[in-house]
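Me: Please take a close look at the charged side chains in this structure. I want the pairs, the surroundings and the backbone around them, in short sentences.

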Amino acid sequence: MNVAVIGGGGREHALARKLSDSERVDKVFVMPGNDGMRDVAEVHPEIGETDFEAMADLCISNVVEWVIVGPEAPLSGGVADFLEGKGIKVFGPRKEESKVESSKAFAKDIMERHGIPTAKYESFTDYDAAYRYIESVGAPIVLKKDGLAAGKGVVVATDMDEALAGLDALMEDSDAPVVIEEFLEGEEFSLMVLVNGEYTHSFEIIAQDHKRAFDGDEGPNTGGMGAYAPVEHIKEPVRRAAVEQIVEPMARAMVAEGLDYFGVLYLGAIVTEDGVKVIEFNARFGDPEAQILLSLMEDDFIDVLEKVEQKEPFELTFSPAYQVGVMLASAGYPMAYEKGHTIDFDVVRDACYVSGLEQAEDAWHTSGGRVLLVTGEGDSIEAAVEAAYSNVDKVKFDEGTLFLRRDIAKRALDRE
């Protein structure tokens, strides 16, 4: 069969690579894709993430059986609704269902109505009311812009100055609501869930990503500076609690609300003294968690999709190895950054997932904020960390053009 992936980042590179490994797949198309995917897929940079007509034309003319949507923007724009209307099967939620990510207030309201454990919150469109609320509850506190922000529209304020500055930044030039939440203390983790209505299949392993830009969880939030799996110091009873207290009730809640979710539901959870709670839901695979988890998954992804479509019980099989991914990002990211810097990663290309690179005249040039996820694998978390950073050190770039964190998976190492 022929399949297609929508998106152009590292997560979509991982999806294209995983699909190309399937014995059932003849050809993978990616729209728009990136140059790093050309060895596993036919890339169509002329078809943008929201060019739904062109997507449908390609899928129909090439008899594409499945479309897998990677990023949040086309989902919130209704790509699943549009393609399904053309008779094309899509793995990814429709516009209304994808509001669990595109609207923080929408998701929080569902959780509140159905008793799903999450941080206490209020939603504001009025600046003065939000200001008074922050003054009344104090810091630490969390502020989230309602809408898509690629992982960056969040301010975790440790004091009042940060909180009020964050409010100014999030409400500047926008009438979108700001959700203000209590700060939850604990350790976070990522759980990917395959959903079809009330049917859910949660991944048997969890991952942990690193959102802050710099070592020691310092600096602004980003789309993700690295990830690793499995996370063995967060024990199986915690994962089970997340499934039983959050995932399954959320699937039932969405059905009760008249939603019919089909796709990946990303649970960003936190382990608190009061149990597991929701930090956020996303309507797609996490990035860079997807790169790690899909490479560890030993199952044929098409078989998995069809079992979810048919609501069949099954178990996923993961490699017994550990894997760590380290993101190389453009200097200045997640704020302003330059493009066009040269990078050479050919010696470790098989261990990399391209996020923001273009190839021209046999050279690679930066074209985005997050540039390249470099991975390493081993039979222990220590070995995987060592392999990942050994591979990072083989990547060549000019000093000052890129940066990375040197403490990915430190929480796991500290527990050893």
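The answer below starts with the ground rules and then goes through the charged residues.

Reply: This is a predicted model, in which local features need pLDDT of at least 70 and side-chain atom pairs count only at pLDDT 80 or more, while totals for chains, interfaces and linings use all residues. Residues are numbered from 1 along each chain as its sequence is written, and side-chain values use heavy atoms, with hydrogens and water left out.

Start with the salt bridges. A salt bridge here is a side-chain nitrogen of Lys or Arg within 4 Å of a carboxyl oxygen of Asp or Glu. That rule gives a count of 24 salt bridges.

Take Glu-309 and Lys-89. Their side chains meet in a salt bridge at 3.5 Å, N to O. This pair links distant parts of the chain: Glu-309 belongs to helix α11 (residues 301-309), Lys-89 to strand β5 (residues 89-91), and 220 residues separate them. Helices (H or I, at least four residues) and strands (E, at least two) are DSSP runs, numbered from the N terminus. For exposure, buried means under 20% relative accessible area, exposed means over 50%, and partly exposed lies in between, with a 1.4 Å probe and protein chains only. Glu-309 is partly exposed, at a relative accessible area of 27%. Lys-89 is also partly exposed, at 28%.

Next, Arg-406 and Asp-393. This salt bridge has an N to O distance of 2.9 Å. It too links distant parts of the chain, with the partners 13 residues apart. Arg-406 sits in the loop between β25 (402-403) and α13 (410-415), and Asp-393 in the loop between α12 (381-392) and β24 (396-397). Asp-393 counts as exposed because its relative accessibility is 51%. Arg-406, at 44%, is partly exposed.

Now a covered pair. Asp-407 forms a salt bridge with Arg-405, and their closest N and O atoms are 2.8 Å apart. Both Asp-407 and Arg-405 are buried. There is also a network: salt bridges that share partners join Arg-11, Glu-12, Glu-72, Glu-101 and Arg-284 into one.

Helix α1 spans residues 10-20 and is mostly covered, with 10 of its 11 residues buried. One general point on helices: an α-helix has 3.6 residues a turn, so residues three or four places apart point the same way.

Stay with the charged residues and turn to the surface. Glu-46, Asp-51, Glu-53 and Asp-57 gather there in a patch of negative charge. Patches are made of residues with over 30% relative accessible area and no salt bridge; like charges are joined within 9 Å, and nonpolar side chains (Val, Leu, Ile, Met, Phe, Trp, Tyr) within 5 Å. Lys and Arg count as positive, Asp and Glu as negative; His and the chain ends are not counted. Each charge is placed at NZ of Lys, CZ of Arg, CG of Asp or CD of Glu. Glu-46 lies in the loop between β3 (42-43) and α2 (52-61). Glu-46 counts as exposed because its relative accessible area is 54%.

Lys-410 lies in helix α13. Lys-410 is partly exposed, at 42% relative accessibility. From Lys-410 to Arg-349 is 61 residues in sequence and 25 Å in space, C-alpha to C-alpha.

Then the backbone. Most residues other than glycine have a negative phi, and most peptide bonds are trans. Two acidic residues deserve a look here. Asp-217 is not a glycine, yet its phi is positive, about 55 degrees. Asp-217 is in the loop between β13 (212-214) and β14 (218-221) and is partly exposed at 30%. Glu-361 likewise has a positive phi of about 55 degrees without being a glycine. Its loop runs between β21 (357-360) and β22 (363-366). Glu-361 counts as exposed because its relative accessibility is 80%.

One joins Ala-139 and Pro-140, with omega about 5 degrees; Pro-140 is in the loop between α7 (127-137) and β7 (141-145). Another joins Tyr-333 and Pro-334, with omega about 10 degrees; Pro-334 is in the loop between β18 (322-330) and β19 (342-344).

Terms used
Accessible areas come from the Shrake-Rupley method with a 1.4 Å probe; for residues, only the protein chains shown count as cover.
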